[in-house]
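Trainee: I would like to learn how to read a structure like this one. Can we go through it feature by feature?

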Amino acid sequence: MQSAIKTWKETIRVFGQNRGILLPFILVGLVDVFLLLIIYLAPQPPLSALLGPPIKVFWGERFLHYPLNLFLIPRLFDIAHIISTALIGVLMTGAAVKMLEEAHGGLRPGLGRGIAKSLRVYLKLLVIWLVMFGLVSAVFKILPVIFHFKQRAASFMVLGAGFLISTLIQALFIYAIPAVIIEERKIFPAIKRSVSFCLGALLPTLVLVALPTIIYIPMLILKSKLSFLMSKIFPEAVLIFIVSGIVISVIIDCLVTSSTTILFLNKKEGE
């Protein structure tokens with residue numbers, strides 16, 4: 001725990017001296033906001049000509065009209081967010097890691113250099129993310145089958161068990177991107193390095209990954225009740241919920257990626 005606190009303090013210091021490191025995370029958030037706006041305007045011209053037909057085919061024409069179009073937004077945004085993470089989020093995470101490496105070495109971090117480095121190894125980063133995403137998705141597919149008794153109790157068990165298992169998976173993979181960006185390792189050596197490094201610093205890694213992620217649990221609980229809240233309050237509440245989720249996700253990604261990268265850099269010096 002002491003190591004995690006020390007890492008957080010150093011992370012705050014690095015941000016204070018190099019605020020440009022926040023840019024990759026902010027850009028990811030802005031992309032998500034833009035996608036949300038596109039989805040919200042999908043039933044209206046001129047976007048309806050492009051997005052209207054697939055919505056009509058997969059969900060029905062009624063979801064192109066108010067207020068049902070708003071009830072479809074969370075599902076469409078989840079799909080858009082997965083795509084944007086694969087195309088933009090992974091790239092910007094690599095850029096942030098490169099900028100943190102430069103700041104740790106006493107250099108002035110540059111977003112352009114970070115993106116350039118991330119682009120050169122993008123396919124490696126994407127494969128690592130896909131493996132981690134696939135494992136987490138499989139967990140949340142399997143858990144509801146296991147906890148199928150008493151619907152209310154099962155939902156909390158799925159949430160709790162899913163959080164613990166997904167946190168462990170993320171912890172095991174969290175150092176793979178620094179291993180690619182900083183140590184220029186290939187895909188499977190980077191994953192092996194990440195698992196080995198995590199097991200060697202298991203407690204601080206779990207703290208650095210889990211504590212910020214706990215912030216998102218209330219959003220997951222609200223998401224399960226979102227349709228009810230929209231019908232009881234007003235349908236546009238979905239926009240407030242998703243924008244709040246985007247802001248919280250940006251904060252969590254920033255804290256987790258930055259603190260674990262700094263821990264990686266610090267321990268790497270002592271190896």
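Mentor: Start with Asn 266, which sits in helix H13 (residues 237-269). Helices (H or I, at least four residues) and strands (E, at least two) are DSSP runs, numbered from the N terminus. This is a predicted model: local features need pLDDT of at least 70, side-chain atom pairs count only at pLDDT 80 or more, and totals for chains, interfaces and linings use all residues. Residues are numbered from 1 along each chain as its sequence is written, and side-chain values use heavy atoms, with hydrogens and water left out.

Trainee: Why does Asn 266 count as partly exposed?

Mentor: Buried means under 20% relative accessible area, exposed over 50%, partly exposed in between (1.4 Å probe, protein chains only). Asn 266 has 27% relative accessibility, so it counts as partly exposed.

Trainee: Which residues does Asn 266 touch, not counting those up to four places away in sequence?

Mentor: Contact means heavy atoms within 4.5 Å. Asn 266 touches Glu 10 and His 104. The side chains of Asn 266 and His 104 are also joined by a polar contact of 2.9 Å. A polar contact is a pair of N or O atoms within 3.5 Å; within protein, one must be able to donate a hydrogen and the other to accept it, and residues adjacent in sequence count only if both atoms are side-chain atoms.

Trainee: Now empty space. How is it found?

Mentor: Rolling a probe the size of a water molecule over the atoms shows where empty space is left. On a 1 Å grid over the protein atoms alone, a cavity is a set of points where a 1.4 Å probe fits but cannot get out, and a pocket is an open set with protein on both sides within 12 Å along at least five of seven lines; lining residues have an atom within 4 Å of a point. Grid points are joined across faces, edges and corners, and a volume is the space filled by probe spheres set on the points.

Trainee: What is the volume of the largest cavity, and which element gives the most to its lining?

Mentor: The volume is about 50 Å³. H4 gives the most, with three residues. Among the lining residues are Ile 39, Phe 63 and Asn 69.

Trainee: And how much space lies in the second largest pocket?

Mentor: About 310 Å³. Of its 14 lining residues, the closest to the centre are Ile 39, Leu 51, Leu 76, Ile 79 and Ala 80. H2, H3 and H4 each give two or more residues to that lining.
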